[in-house]
Amino acid sequence: MRIASAPRFLLTSIACGTAALILPAGSAHAAQSARAERCPKNDQVEFEKMTWVELKCAIAAGKTTALIYTGGVEQRGPQSANGGHNFIAHETVEAIARKLGNAIFLPVLPYTPNDAESIPGTIGITDELLGAMLERIAQQAALNGFRNIIIMGDHGGGQPQVYQNVAKKLDGQLSGGARVFYCDQVYRPANDAFDHYLTQHGLPIGLHGYLFDTSELMYLDKGNTWVRRDLVPSAIGDPVVGQTSADGKAQFGPHSPQNGILGDARRSTEELGKVAIDMKVDFAVRQIHSVLPSS
């Protein structure tokens with residue numbers, strides 16, 4: 001068949017060749033443009049809240065670092081919610097991602113190595129399970145196109161052994177040769193720095209449910225759902241060896257309160273919480289910059 005004005009039309013055969021679609025050349029170009037993914041402007045750094053188009057555009061624009069952050073579920077004394085590690089982890093890793101400028105954080109992993117106790121509130125997994133989950137998540141991150149993968153955590157279970165082992169095993173072995181690093185500074189070194197800060201200011205350090213984590217939650221808890229603030233003035237537990245309580249007494253009481261607190265959280269404040277969070281973010285960003293100079 002002869003088609004008039006052939007240069008102005010595009011003839012496309014369909015499947016079996018028994019039908020044809022005739023479109024103006026300009027219309028065909030417009031259809032292709034409509035199918036192309038557009039990159040909207042947004043400052044989203046949270047993997048869960050992004051569409052695949054936004055994620056693809058972000059990676060193409062240079063956000064090639066994936067942050068894997070673990071939390072944890074455990075009792076934290078009568079004043080703080082059991083999921084505090086997850087809440088702190090989410091807010092901390094978002095701050096790290098934004099400060100880095102080239103990173104996106106993956107969903108916070110809510111379970112880490114721990115064991116349920118006589119006090120309810122703790123749900124833990126094993127080291128082996130955590131290692132397998134971190135490996136799988138890192139593999140998937142590389143397949144999504146990330147070139148650098150950083151793993152870190154808010155809870156001590158599995159740190160540093162599991163995290164170190166996973167990073168060492170996977171580094172350079174994933175899709176596209178993606179690098180994998182363990183950021184340890186955000187946990188123990190930052191915690192130790194905050195305890196030093198407390199000591200300098202005449203405040204008691206502790207081990208669990210004390211000024212550190214209670215203050216962090218108070219600072220982040222804008223909706224007043226994570227901390228029972230009316231209980232903070234009485235949030236005192238078993239003493240830490242070699243310490244006295246905030247009021248200077250040699251002991252906390254004749255018997256263990258068995259309330260899950262190791263230390264004294266009564267002087268927790270939002271201001272102390274901001275100091276703690278800022279320390280963790282700064283420690284993490286500095287370490288990530290040291291292993292990824294271009295980040």
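Which backbone oxygen does the side chain of Ser268 reach? The side chain of Ser268 reaches the backbone oxygen of Ala265, at 2.6 Å. Welcome to this structure, which is a predicted model: local features need pLDDT of at least 70, side-chain atom pairs count only at pLDDT 80 or more, and totals for chains, interfaces and linings use all residues. Residues are numbered from 1 along each chain as its sequence is written, and side-chain values use heavy atoms, with hydrogens and water left out.

**Around Ser268**

- You will find Ser268 in the loop between α7 (211–220) and α8 (270–291); helices (H or I, at least four residues) and strands (E, at least two) are DSSP runs, numbered from the N terminus.
- Ser268 has a relative accessible area of 7%, so this residue is buried; buried means under 20% relative accessible area, exposed over 50%, and partly exposed in between (1.4 Å probe, protein chains only).
- Leaving aside residues up to four places away in sequence, Ser268 touches Tyr210, Leu211, Thr214, Ser215, Met218 and Val232, where contact means heavy atoms within 4.5 Å.

- Six of the six residues of strand β5 (residues 148–153) are buried.
- In a regular strand, side chains alternate between the two faces of the sheet.
- Both faces of β5 are covered, with Asn148, Ile150 and Met152 buried on one side and Ile149, Ile151 and Gly153 buried on the other.
- Strand β3 (residues 65–70) runs parallel to β5 and is joined to it by six bridges; two strands pair if DSSP finds at least two bridges between them.
- Within this pairing, Leu67 stands opposite Ile150 in β5.
- β5 is also joined to strand β6 (residues 179–182) by four bridges, and these two run parallel.
- Here Asn148 stands opposite Arg179 in β6.
- From β5 the chain crosses through helix α5 (residues 161–170) to β6, a β-α-β crossover that is right-handed: with the strands pointing away from the viewer, the path from the first strand over the helix to the second runs clockwise.

**Cysteines**

- One disulfide turns up in a search of the whole structure, counted as a pair of cysteine sulfur atoms within 2.5 Å.
- This disulfide joins Cys39 to Cys57, with S to S at 2.1 Å.
- Cys39 lies in the loop between α1 (25–35) and α2 (52–60) and Cys57 in helix α2, so the pair, 18 residues apart, links distant parts of the chain.
- The torsion about the S-S bond of Cys39 and Cys57 is about -80°, so the disulfide is left-handed.
- Cys39 is exposed at 53% relative accessibility, whereas Cys57 is buried at 12%.
- Cys183 is buried, at 2% relative accessibility.

How values were computed: A polar contact is a pair of N or O atoms within 3.5 Å; within protein, one must be able to donate a hydrogen and the other to accept it, and residues adjacent in sequence count only if both atoms are side-chain atoms.
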